[in-house]
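Please open the model in the viewer and keep the selection panel at hand. The stops below are given in the order in which they may be selected.

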Amino acid sequence: MLVDRVWTGARLATLDPGRSGLGVIDNGAIASRNGRIAWVGPAGEMPAFDSRELIDLGGRWITPGLIDCHTHLVYAGNRAHEFELRLAGATYEEIARAGGGILSTVKATRAASEADLVAASLPRLSALIAEGVTSIEIKSGYGLETATEGRQLRAARALATQRPISVTTTFLGAHALPPEADGDKDAYIARLCAQMLPAIAAEGLADAVDAFMEGIAFSGAQTARVFEVAKRLGLPVKLHADQLSNLGGAKLAARYGALSADHLEYTDEEGAAAMAKAGLVAVLLPGAFYFIRETHKPPVDLLRKYRVPMAIATDSNPGSSPLTSLLLSMNMAATLFRLTVDEIIAGTTREAARALGRLDDTGTLAAGKACDLAIWNVEHLAELPYRMGHNPLHQRVWRGQ
């Protein structure tokens, strides 16, 4: 068979669920053809390929390309002033209730053009790409009306034409209450369900629908109304759940068969069990936990007990996690949440792909999947979450290139 490229002399972390641990192959090889993995396995078992290019990696590690499965990457402005207020003692909730928080970013984003949003977002995206990220999820949620929400999602899609990366878009219109709603959450949710979400779906701008279920955002009943419409429109759902309090978000997400429930700091055992039964992924966001100085940790032991898959993401956003390093998120997941190295590597590859509903295409090294690779200058994979401020990426491969 003629293939485009063969990498040999590599240690592979295939993330193959059929193998133990990370599915390690000590002396492995990968062949790519037309942007897909044509073959992967022990070098001694590799067929005699006719290859246009043969690359000896000299014992370097290959993992699947990293996946940042929860970001709010597209927005205008910043919230450094609010950071200053928090340093002076204000809480995240106090700032939000005083009209700051998400609404300050909404004001800046509404005033920005699509080109402005793309230009502002590209440096953030480039920082993630430089660390081996090959797939990313980007949410809207800083428009809170149809035109700006659509502009955010179009900008997110446009980023994939500016950089070699796979972008999944999520409509997060139920992120906060816009100022023109005059405090009427039910009326806003009714408008979102009747007008905003159908318009976004009709234009094909969203791959999924999210909501922020919290005391400072929307109730379970209001979130359920959004999810009902999403399901009717054929869009999968996911949920910002139990971040600041336990309102039963994990259980609600499970009831609707969500792809994931994210944050989960206050999720209880009933919620973890419901997630396991429904097959949800728990997306842990240590950057937000760190940045808003939360003290209540996600129930990692419960998630392990019920075998809930755990993903890790940056939650890159201007207010609660202005983070553009998935490697630092990996370190935080280890130091703050006590995840193991195996859980961290899986959480930024295989389980992150599962959280996006894209495990059939990426997230593991398997024949037929996209040839998205991260090649590392490390002796041990523990070096990825161990170091802070150091990027050991040797080469990033997206779609075989």
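The structure, a predicted model, holds one cavity of 30 Å³ or more; a cavity is a set of points on a 1 Å grid over the protein atoms alone where a 1.4 Å probe fits but cannot get out. Select His-72, Tyr-92, His-175, Asn-317 and Ser-320, which lie nearest the centre among the 14 lining residues (an atom within 4 Å of a point). The lining comprises four nonpolar, eight polar and two charged residues; Ala, Val, Leu, Ile, Met, Phe, Trp, Tyr, Cys and Pro count as nonpolar, Asp, Glu, Lys and Arg as charged, and the others, Gly among them, as polar.

Residues are numbered from 1 along each chain as its sequence is written. Local features need pLDDT of at least 70, side-chain atom pairs count only at pLDDT 80 or more, and totals for chains, interfaces and linings use all residues, while side-chain values use heavy atoms, with hydrogens and water left out.

Next, select the open sheet of eight strands, ordered E8-E9-E10-E11-E12-E13-E14-E15 with parallel pairing. Strands are DSSP runs of E, at least two residues, numbered from the N terminus, and two of them pair if DSSP finds at least two bridges between them. Strands E8 (66-68) and E15 (310-312) stand at the edges with a single partner strand each, so one side of each has no neighbour in the sheet. Within the sheet, select E10 (residues 166-174) and E11 (residues 208-213), which pair in the parallel sense over three bridges. Phe-171 stands opposite Val-209 in E11.

Key. 1 Å grid on protein atoms, 1.4 Å probe; cavity = no way out; pocket = protein on both sides within 12 Å on 5 of 7 lines; lining within 4 Å. Points joined across faces, edges and corners; volume = space filled by probe spheres on them. Helix = DSSP H or I, 4+ residues; strand = E, 2+ residues; numbered from the N terminus.
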